[in-house]
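Please find below a note on the structure, arranged as numbered points.

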Amino acid sequence: MHFPWWYVDQLTAPMLIAAISVIHVLVAHYAVGGGLFLAVETTYAYRTKNGDYLAYLKRHAKFFVLLTVAFGAITGAGIWWTIGLASPLATQVLIRTFVFAWATEYVFFLAEIVSAFVFYYYWGRLPEKIHAIIVWIYGISAWASLVIIAAITAFMLDPGNWRADHDFWSALLNRQALPQIISRTGGALLLSSLYVYLHAAITIKDAKLHALIESRSTRPALLGAVFIALGGILWYVFLPPSAQAALVAAPVLNVLMALLFVATGIVFVLLFLGPYRNPGWIKTPGFAASVLLFGIIGMSTAEFIREAVRKPYICYNVVLGSQMLTDEVAAIREKGFLESGTWTKAFVQANYPQVMSADGHVDRTRLLALPPSDRIKLGGMIFQYHCNDCHAIQKGYSPVAPLVQGWTPGMIRALVNDLDRTRFTMPPWAGTPEEAELLVSYLSDVSPARPAGMLPKDLKTGTP
Amino acid sequence: MMDPKNLFDTSLPGGMPAPIWFVELFKWLGFTLHEVPMNLWYAGIIVSMLLYVFGSEHGRQFGSRLMAQMPVIIALGINFGIVPLLFIQVGFGQVFYPATILMAWFWLSIIAMLVLAYYGVYLYAYGQAEQGPKMPRWKRAVGWVSALLFITIGFVFANAMSLMENVKAWPDLWQQHSFHGATLGTALNVADPRLWPRWLLMFGLALTTTAAWISFDSAWFAGRESDAYRTWTKGFAWKLYLVGAVWFAVAGAWYSFGTWPAETKQAMFLSPWAVLTVVTAAVPCAVLALLWFARQREGEISRGWASLIGLAQFGVLGVNAASRQVVQHLAFAPYFDISRQPTETQWTPLVIFLVAFVLGLGLIAWMIYQVGKVSGKTQTATT
C-alpha cells in the first residue's frame, strides 16, 4: 500500500521479525535481570567481603558483557531493521508516536553500555563503593529500558485512548503496559537466575561457593515466577476481546498456550525439586541446562503468543496486517485497492496501461476485460499486498494454497468478500468486487485439486 | 516508463512529533557522534591488520592497542548509530523504507555480518591479550575477516543511503527484482555512479579519524607505553592522516565533480552552500596542520594538543555530516519537502527526553571521571 511489500518465500517477511525478536528477548531479559543480579550480588559480596564470590561475579560479568552488550545490542538493532522492512507503516506510526520514549530509552541504553564496560574493565581498580554504584547504574538503567520498551510493545496490543486523542501519554500509559512491565520484569529475574545456574554449574567446582550462589539466585527466580504469574493474569484480563477469543479459537495458539503452561510449569517444578528440595542437583550442568532450556521455551512461546494474538492487527485497531490503517479501509474499498496503494497503482500504470483511465486512474471496469493470465498476475499482486503478511503461497508459514485446496471459485469468492466475518483474525477485504475477482482467479490458480481417492466422492460433482 | 514520483506516498499518517529543526539537529548530531567509532572500525581494523604484517614494532603496538579498545569502540558505535536511524525514520520514512525494502536482504545482512565481525574482534582482542605474539594464525585470520566484514557493511550502508537519494532508480530496480509486484529485496544500487566515490570517500575520512585517534590515544591512554612509542605516534599519525586526506580529496572530487546531478552542483557550488562545500573540502587541512605542528615539536604530544586535534577532527566529521544532509535534501527536493510536513510537537515528552539526555550525559561524565581518577593513579604509581 504505502510502501513496497517485501516477498519472502515460504517464511513471509513478518516472520523474520518474530524470529529475531524471540532471539533478542532471550538475551535482553537476561541483560536486565542479570544486571540486577550483578548489582545486588556485588553489593552483597563487598559487604560480606567474600573474595571467592567476587571472583565468580567477575567471571560472570565477562560472560554477561560478551553476551548482552554484543549480541543483545545487535539483535536489538536487528528488530529495528526487520520491523522497518516488514511492517513499515506500523513502524512509522510507532516512531512518530513514541520517538521521545525511544530517545529517552536510548539515554538509558547509553548509560547501560558505559556502566557495563566500566564495571567489568575497571573491576579491582575502582573503590568498592564506586564500583557498586556503577553496577547499580547499569541495573537501574536496564530496568528503565525494559519499562519503556514494554510500554511501547503493549501499545501494539492496546492503544488505549490514543485513537481518540493521539496523545503521547494515552499511548504510553495504556492498559497493557503495567501487566507487560510486571511479567517482563519477572521474566528477566527468572531467566537471569537460570543463566546463573548454568554458568555456575559449568565454571564452579567449589561446593560451598556453589551453594551460596544457588541460595542467592533462587530468591530472584521465585520472585520472578510470582511476577510472571501476576503479570500474565493481568495481561489476560486486559486483553482486547478479539485477542481473548483468538486464544480460544486459533488451534496454533491453543497448542502454544499449552506449551507455555507446560514449559513454565516444568521450570517451577524443577526449581522446587532442584534448588529448594535437592540443592545439589543444580550443580550438574545437565540439570541446569534443562531448567534454562525450559525457561527459553516458555519465554519464546510467550513472545510468539504476544505477537500472534494481535491478529488481524499489527497495532490493535490502528494498523492492519494488510498494511493499511483501519481508518483507511472504507475509502480503499470505495476507491479500489490497486488505485489506493502507491506501489500497486504504479505497478498497474507501468504494466497494464490498458486498464488506466484517461485521467490516470485504475478503471475498475476494465480489470475483468484483461486476459485470464493477466487477471491471475494482478490477483497475485493483490495477494502479496493484502494477504502475504500472514500467508505464504504454496508452502511455509500458513500457506494459502492448502487452505483453499479443492475449493470452488464460488467458495473462494465468498471467503474473500467476507474475510473478517469468516474469520475475525483476518482483516476486512479492502477492494472492489472486480479486484475480488482478480484475487479469486489467483487463489483458484494456486489452489491444488481435492486430494484424489477420498471417499465418499464429492457429492456435488461426483469426482473423487 | 514508470514515473518515480508515483512511488512517493504523501498520505502517511500523523504529523512530525518534533519541530523540523530538532529532527535535523539530532539526525546530524547522532550521525556525527556515530562517525567517530564507526570510522575507527571501518578503517582502523584493516590498518591494524596491515600494521601487524607490514608495520614496525611500534606499528604493531598501535594495532594491538586499537584492537584491544575495539570491543568498546564498536559497542559505542552501534549505540550512537541508533540516534540517526531513529530520526531518519521520523523525518524521512518516505525514502528510507522503500530504499531499504528494495535491498532488504542486503540491508538485513548487516545484522548477521555485524554479529560475526563483532565476535571476531572479541576473539582477536582476547587472543592477543591472553596469548600475545603466540596467538594462533586462525585468530589472526578472524581479525582479517572482521576487517573485511566491516568494510562490506560500509558498502551496504553506502548502497542504502545512496539508493535513498537515487529515487529515479527505484522503478527499474523494483521491476527487475520483483514477484507479482512485491519486491524480492535483492536489488543493489551498484549502477549509481555516486555509490563508489561515496563509499571510498567515507573510507578516506575514516583513515583521517583513525590517524587523529592515534594522537588522542597516545596522549590520554598510552601512559604505560614507552616514550619511543609515543614519539613514533606523532609521525605515523601525520602520515596516515595525509594518506586519508588525499584519499578523501580524490574520492570527494570524483563524487562532487563527477557524479552530482547538475542541480546539486549548481546548489553546492554557488552561494550560500558553496561556503559549506569549501569548508568540507578544506577542513581536514586544519587537522593535518595540527598534526604537522605536533610532529615538529620535541617530545611526546601533550594532552591539550591531542584534545585540540580530536576536537578539530570531530569538526571535520560534523561539517561532513552537514554537507551530506544538505546534499540529501537537494536529492529529495523534486519529490518531497520535509519542512511542509505537518508538525504536532510532543512538548512534554521532548522536554523529558532533553532532561534525561542532560542527566544521562552527567552520569556518564561522572563514570568517566571515576575511571580517569583511577587511571591517573595507576599511571602515577607506574611512573
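In which helix of chain B is B:H58 found?

1. B:H58 is found in helix 3 of chain B. Helices here are DSSP runs of H or I with at least four residues, strands are runs of E with at least two, and both are numbered from the N terminus. At 17% relative accessibility, B:H58 counts as buried, where buried means under 20% relative accessible area, exposed means over 50%, and partly exposed lies in between (1.4 Å probe, protein chains only). Leaving aside neighbours within four places in sequence, B:H58 is in contact (heavy atoms within 4.5 Å) with B:S226, B:A228, B:Y229 and B:W232.

2. The model is predicted, so local features need pLDDT of at least 70 and side-chain atom pairs count only at pLDDT 80 or more, whereas totals for chains, interfaces and linings use all residues. Residues are numbered from 1 along each chain as its sequence is written, chains are lettered from A and ligands numbered from 1 in the order in which they are written, and side-chain values use heavy atoms, with hydrogens and water left out.

3. The interface between the chains comes next. The size of an interface is often given as the accessible area lost when the parts come together. Between chain B and chain A the buried area is about 7,000 Å², and carbon and sulfur atoms give 76% of this area; the value is the accessible area (1.4 Å probe) that the two parts lose on being put together, summed over both. Chain B contributes 78 residues to the contact and chain A contributes 74 residues.

4. Which polar pairs cross this interface? Between chain B and chain A, 13 residue pairs are in polar contact, both residues being at pLDDT 80 or more. A polar contact is a pair of N or O atoms within 3.5 Å; within protein, one must be able to donate a hydrogen and the other to accept it, and residues adjacent in sequence count only if both atoms are side-chain atoms. The side of chain B that touches chain A draws at least two residues from each of helix 3 (57-102), helix 4 (104-131), helix 6 (170-176), strand 2 (182-183) and helix 12 (347-382) of chain B. Helix 3 of chain B supplies the largest share of that side, 20 residues.

5. The rule finds one salt bridge across the interface of chain B and chain A. A salt bridge is a side-chain nitrogen of Lys or Arg within 4 Å of a carboxyl oxygen of Asp or Glu. The side chains of B:E130 and A:K62 form this kind of pair, at 3.7 Å from N to O.

6. Over all chains, the whole structure holds 19 salt bridges. In one of them, A:E41 pairs with A:R216, and the closest N and O atoms are 2.7 Å apart. This pair links distant parts of the chain: A:E41 is in helix 1 (residues 13-47) of chain A and A:R216 is in helix 8 (residues 207-237) of chain A, 175 residues apart. Both A:E41 and A:R216 are buried.

7. A further salt bridge joins the side chains of A:E437 and A:R413 (2.5 Å, N to O). A:E437 lies in helix 20 (residues 433-446) of chain A and A:R413 in helix 18 (residues 409-417) of chain A, so the pair ties together parts that are 24 residues apart in sequence. A:E437 counts as buried because its relative accessibility is 19%, while A:R413 is partly exposed, at a relative accessible area of 30%. Elsewhere, salt bridges that share partners join A:R184, A:E303, A:R306, A:E307 and A:R310 into one network.

8. A:E307 counts as partly exposed, at 23% relative accessibility, whereas A:R306 is buried, with a relative accessible area of 9%.

9. Chain A has 20 helices and two strands. Of its 464 residues, 61% count as buried. Among contacts in chain A between residues at least 6 apart in sequence, 72% join residues at least 24 apart.10. On the surface of chain A, the residues A:V269, A:F272, A:L273, A:Y276 and A:W281 form a nonpolar patch with about 500 Å² of accessible area together. Patches are made of residues with over 30% relative accessible area and no salt bridge, like charges being joined within 9 Å and nonpolar side chains (Val, Leu, Ile, Met, Phe, Trp, Tyr) within 5 Å. Accessible areas come from the Shrake-Rupley method with a 1.4 Å probe, and for residues only the protein chains shown count as cover. A:L273 lies in helix 10 (residues 251-277) of chain A.
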